[in-house]
Amino acid sequence: MEDERELARRWVKEAKSIAALTGAGISAESGVPTFRGEGGLWRNFRPEDLATPEAFATNPVLVWEWYQWRRELIGKAEPNTGHKALARLEASGKEFTLVTQNVDGLHERAGNHRVRKLHGDLWRLRCTSCGAEWPDRRVPLAKLPPHCQCGGVARPAVVWFGEPLPMEVLRASADAAEEAEVLLVVGTSAVVYPAASLIPVAKRGGAKIIEINTEETPASGVADCRLRGAAGEVLPGLVT
Ligand code: OAD
């Protein structure tokens, strides 16, 4: 009998269109802490309490200190073998859409050119007054909070709890999920919506769902194949 990894490898090999939904777990082996679980805590704050417009309005410096800490960590991190396997999948000539909840930029650094970023980008800033957005890779930032040329306070160009996702990105991601023959669900706790809703969307569209995670998640129940292990160890074996 085919074991789960062989089965998943065959599905990936035979599929003409593949989508992947990634979460913080794919960057864990690059040394980037996940949100949920012990490593996700920073000075005893929960990410859910800092990644909100209310937290930023109350204390922009505190929220920026958290982002500054993450920019420092991520700035030193390198893409791992999991990121690189997904870059190979894009280069393979199959129709491939990479949807990520991560804001760390490691997928692009691994070589993926088309990344649908549901939750924005840590390396971009947005003005809270005039709405201007620009790239900024400085680590550390000179002064917190950073300011826009117009004088307004700048925030990270990421999506916070209670804020809508970029509509175009979400729509394109849902279309890709619906059309995919295989959806890889990698390193996500699958509890944050609407990102997690791409899993049932893909399932309804007839995709085989392959979950790659070190632990069981709410997505495990709908997955057709559950590969328990680290993304950097499992993914290279799927994309050969
Ligand atoms: P979480 O921190 O919620 O979940 C990380 C998942 O990765 C867990 O299910 C772990 O079991 C798994 N994991 C850890 N190490 C792994 C490894 N080496 N290989 C494979 N899996 C591993 O992260 P997300 O699901 O990405 O949103 O969180 C979703 C959203 O919640 C984030 O985008 C962020 C956060 O708050 C916003 O900031 C809006």
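**Close-up views of a predicted model**

The protein has 10 helices and nine strands. Helices are DSSP runs of H or I with at least four residues, strands are DSSP runs of E with at least two, and both are numbered from the N terminus. The radius of gyration is 18 Å, close to the 18 Å that the globule rule gives for 240 residues, so the protein is as compact as a globular protein of that length. That radius is taken over C-alpha atoms, and the globule rule is 2.2 Å times the number of residues to the power 0.38. This is a predicted model, in which local features need pLDDT of at least 70, side-chain atom pairs count only at pLDDT 80 or more, and totals for chains, interfaces and linings use all residues. Residues are numbered from 1 along each chain as its sequence is written, and side-chain values use heavy atoms, with hydrogens and water left out.

**Figure 1. The whole chain.** Along the principal axes, the C-alpha atoms fill a box of roughly 60 × 35 × 30 Å. Buried residues make up 50% of the 240 residues. Buried means under 20% relative accessible area, exposed means over 50%, and partly exposed lies in between (1.4 Å probe, protein chains only). Take the contacts between residues at least 6 apart in sequence: 66% of them join residues at least 24 apart. Contact means heavy atoms within 4.5 Å.

**Figure 2. Helix α6 against helix α10.** The axes of α6 (residues 81–91) and α10 (residues 231–238) come within 7 Å and cross at roughly 25 degrees. Axes are lines fitted to C-alpha atoms, for helices over the stretch in contact, and angles run from 0 to 180 degrees between N-to-C directions. The two helices are therefore roughly parallel to each other. Angles under 35 degrees count as roughly parallel, over 145 as roughly antiparallel, 65 to 115 as roughly perpendicular and the rest as oblique. The crossing of α6 and α10 is left-handed. A crossing has that hand if the near helix is turned anticlockwise from the far one by less than a right angle, and is right-handed if clockwise. On the α6 side, Thr81, Gly82, Ala85, Leu86 and Arg88 make the contact; on the α10 side, Ala231, Gly232, Leu235 and Pro236 do. These residues divide into five nonpolar, three polar and one charged. Ala, Val, Leu, Ile, Met, Phe, Trp, Tyr, Cys and Pro count as nonpolar, Asp, Glu, Lys and Arg as charged, and the others, Gly among them, as polar.

**Figure 3. Helix α1 against helix α10.** Helix α1 (residues 4–14) packs on α10 at an angle of about 55 degrees, with the axes 9 Å apart. The pair is therefore oblique. From α1, Arg5, Ala8, Arg9 and Val12 meet Glu233, Val234, Gly237 and Leu238 of α10. The contact residues divide into four nonpolar, one polar and three charged.

**Figure 4. Two cis peptide bonds.** Most peptide bonds are trans. The bond joining Val139 and Pro140 is cis, with omega about -5 degrees. Pro140 is in the loop between β5 (133–135) and β6 (154–158). The bond from Tyr193 to Pro194 is also cis, with omega near 5 degrees. Pro194 lies in the loop between β7 (182–186) and α9 (198–204).

**Figure 5. Leu170 and its contacts.** Leu170 is found in helix α8 (residues 167–179). Leaving aside neighbours within four places in sequence, Leu170 is in contact with Leu118, Leu165 and Pro194. Leu170 and Ala195 are 25 residues apart in sequence and 8.1 Å apart in space, C-alpha to C-alpha.

**Figure 6. Positive phi at Arg43 and Asn44.** Most residues other than glycine have a negative phi. Arg43, which is not a glycine, has a positive phi of about 45 degrees. Asn44 also has a positive phi, near 65 degrees. Arg43 is found in the loop between α2 (25–28) and α3 (47–50), and Asn44 is in the loop between α2 and α3. Arg43 counts as exposed at 52% relative accessibility. Asn44 counts as exposed at 73%.

**Figure 7. Asp136, a buried loop residue.** Asp136 sits in the loop between β5 and β6. Its relative accessibility is 7%, so Asp136 counts as buried. Not counting residues up to four places away in sequence, Asp136 touches Arg71, Trp123, Arg124, Leu125 and Leu141.

**Figure 8. Gly105, a buried loop glycine.** Gly105 lies in the loop between β2 (95–100) and α7 (106–110). Gly105 is buried, with a relative accessible area of 14%.
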